[in-house]
Amino acid sequence: MSGLDRVRAALGQAARDGVAADAVRSFDRPEAGVAAMLATIDATILPRQVTFAFDTGDQLDCVAANRRIVRLLPPGPQGSANRTLFDTVLQPEQVPALAEMLVAACTGSTSLRVETRRCDPVEGGVSAAAVGTVLGLRSGTAQPDGAFDPLDMLAEAISPSMLSAFRLLDEDVEILRGGEADVTALTEFAGDILERMLDPSFPLSATFETDGVVTFGLPEEVGRHVVIAGHLGRYLVAVVAGADPTPTLAAWGARPGVDGSSHQFPSD
Amino acid sequence: MTPETLADLRSRLPDCELAVYVDMRSGTVLGADGALRYPQEYLDALGNAATRLFAGGPTLDGAEIGHALFRGPTGSRAFLRSPAEAAEALCFLCAPDADMARLLREGRAALGEGKADR
């Protein structure tokens, strides 16, 4: 890697660790605009204040975290009829009204600019997927046709050597392999590690949570290693046969879009 | 591990941008060598990551982790605990597609050949 490439990599890392770059999204109908907004929310793990600035001059500010819209910030777009949606932690029963408001916000507009900045930790809110479901949009976790799930790809690649494994999404655990004792041991290990790595004070927490993999080497005589892969708040945890973890790392690196290609929220 | 030892090690790892040797007990960077002149905060961040990963466990079936390899879209990092002194670790910041097998081999050799003298 040349010196200039190293500088580029360092700048890229600094950008990822700092405030996200502005982005402009164009759309030809309100539902597509909402899909673009939900795609931003669906990719937001760490707490951020998000501004959607429409080409009509209107603007919607919200707080998002853990792929959820937590709170809408006043004043909101002009003509927003339902003021009860603003300045309060959103509740599941408000999802239909929120979806209606987002469509109204996008009506008459053909593009929006997204700006984000970090904010204090928040909890609660409603998921981007829930809002998308009301509007008949597919969940952001379902990839467009021809795309892939990197966690599925990794699981498939290491399957022949996988001794025990589970997938973790929010509080849902899907056991992929292993008996109760093995999965229990792995769960205890992973719980300890995730608590360390997802703490905001851990330098790599943001990257790991959105698109990263870590392998843990055990003593040679144990003949196993552990892998934890994270993608948009979902995790794959596995014990893999073999003391050498580098083939597992190579399997993660072999997937397409490893440069962090954009995440789409389909609108059809 | 001296800066000269780290420089010699890094010369054998073309994808390695920064090598740091840390005392996790005191949180002190004992030595560093990098392609760029990294500020102390960068060195400390790498050391802090090692401390968070290794300090106080965790274990799997009683076995302690000896190294951790991290890969993200814009870079890789490696953390190798010293076999001679468990409170010390060798840390690397590398390119996203770094040869981690080679890094593990060279890093272990540097730690295991008694080159961890200060």
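## Helix packing between the chains

The crossing of helix H6(A) with helix H2(B) is right-handed. This contact belongs to a predicted model. H6(A) comprises residues 180-197 of chain A and H2(B) comprises residues 40-54 of chain B; their axes come within 9 Å and cross at roughly 155°. Angles over 145 degrees count as roughly antiparallel, and H6(A) and H2(B) are therefore roughly antiparallel to each other.

The residues that meet are A:Glu195, A:Arg196 and A:Met197 on the H6(A) side, and B:Arg52, B:Leu53 and B:Phe54 on the H2(B) side. Sorted by class, the contact of H6(A) with H2(B) has 3 nonpolar, no polar and 3 charged residues.

## Helix packing within chain A

Two packed helices are described by the angle between their axes and the distance between the axes. For helix H2 (residues 30-42) and helix H3 (residues 95-106) of chain A, the axes come within 8 Å and the crossing angle is roughly 115°. The range from 65 to 115 degrees counts as roughly perpendicular, and H2(A) and H3(A) are therefore roughly perpendicular to each other. Their crossing is right-handed.

On the H2(A) side, the contact involves A:Pro30, A:Glu31, A:Gly33, A:Val34, A:Met37 and A:Leu38, which meet A:Leu102, A:Val103 and A:Cys106 of H3(A). By class, the contact of H2(A) with H3(A) has 7 nonpolar, 1 polar and 1 charged residues.

From its first C-alpha to its last, H2(A) reaches 18 Å with 13 residues, which is close to the 18 Å expected at 1.5 Å a residue.

H2(A) is mostly covered, with 11 of its 13 residues buried. The buried residues include A:Gly33, A:Val34, A:Met37 and A:Leu38, and these four residues also take part in the contact with H3(A). Also buried in H2(A) are A:Ala32, A:Ala35, A:Ala36, A:Ala39, A:Thr40, A:Ile41 and A:Asp42.

## Overall composition of the chains

Chain A contains 8 helices and 11 strands. Of its 268 residues, 47% count as buried. Among contacts in chain A between residues at least 6 apart in sequence, 57% join residues at least 24 apart.

Chain B contains 3 helices and 7 strands, and along the sequence these follow the pattern α-β-β-α-β-β-β-β-β-α. Buried residues account for 54% of the 118 residues in chain B. For contacts in chain B between residues at least 6 apart in sequence, the share that joins residues at least 24 apart is 57%.

## A buried leucine in chain B

B:Leu111 lies in helix H3 (residues 100-112) of chain B. Buried means under 20% relative accessible area; B:Leu111 has 4% relative accessibility and therefore counts as buried.

When neighbours within four places in sequence are left aside, B:Leu111 is in contact with B:Met1, B:Tyr21, B:Leu80, B:Arg81, B:Ser82, B:Pro83 and B:Leu90. A further relation across the sequence is given by B:Ala84, which is 27 residues from B:Leu111 along the chain; the C-alpha atoms of the two residues are separated by 7.8 Å.

## Backbone features in the loops

With 52% relative accessibility, A:Asp87 counts as exposed.

In chain B, a positive phi occurs at B:Asp61, a residue other than glycine, with a value near 50°. B:Asp61 is located in the loop between strand S3 (59-60) and strand S4 (63-64) of chain B. Exposed means over 50% relative accessible area; at 52%, B:Asp61 is therefore exposed.

Conventions:
Residues numbered from 1 in each chain as written. Chains lettered and ligands numbered in written order. Predicted model: local features only at pLDDT ≥ 70, side-chain atom pairs only at ≥ 80, totals over all residues. Heavy atoms only, no water. Axes fitted to C-alpha atoms, helices over the stretch in contact; angles between N-to-C directions. Helix = DSSP H or I, 4+ residues; strand = E, 2+ residues; numbered from the N terminus. Parallel < 35°, antiparallel > 145°, perpendicular 65-115°, else oblique. Left-handed = near helix turned anticlockwise from the far one by under 90°. Contact = heavy atoms within 4.5 Å. Nonpolar A, V, L, I, M, F, W, Y, C, P; charged D, E, K, R; others polar. Expected span 1.5 Å × (residues − 1). Buried < 20%, exposed > 50% of the residue type's maximum accessible area, 1.4 Å probe, protein only.
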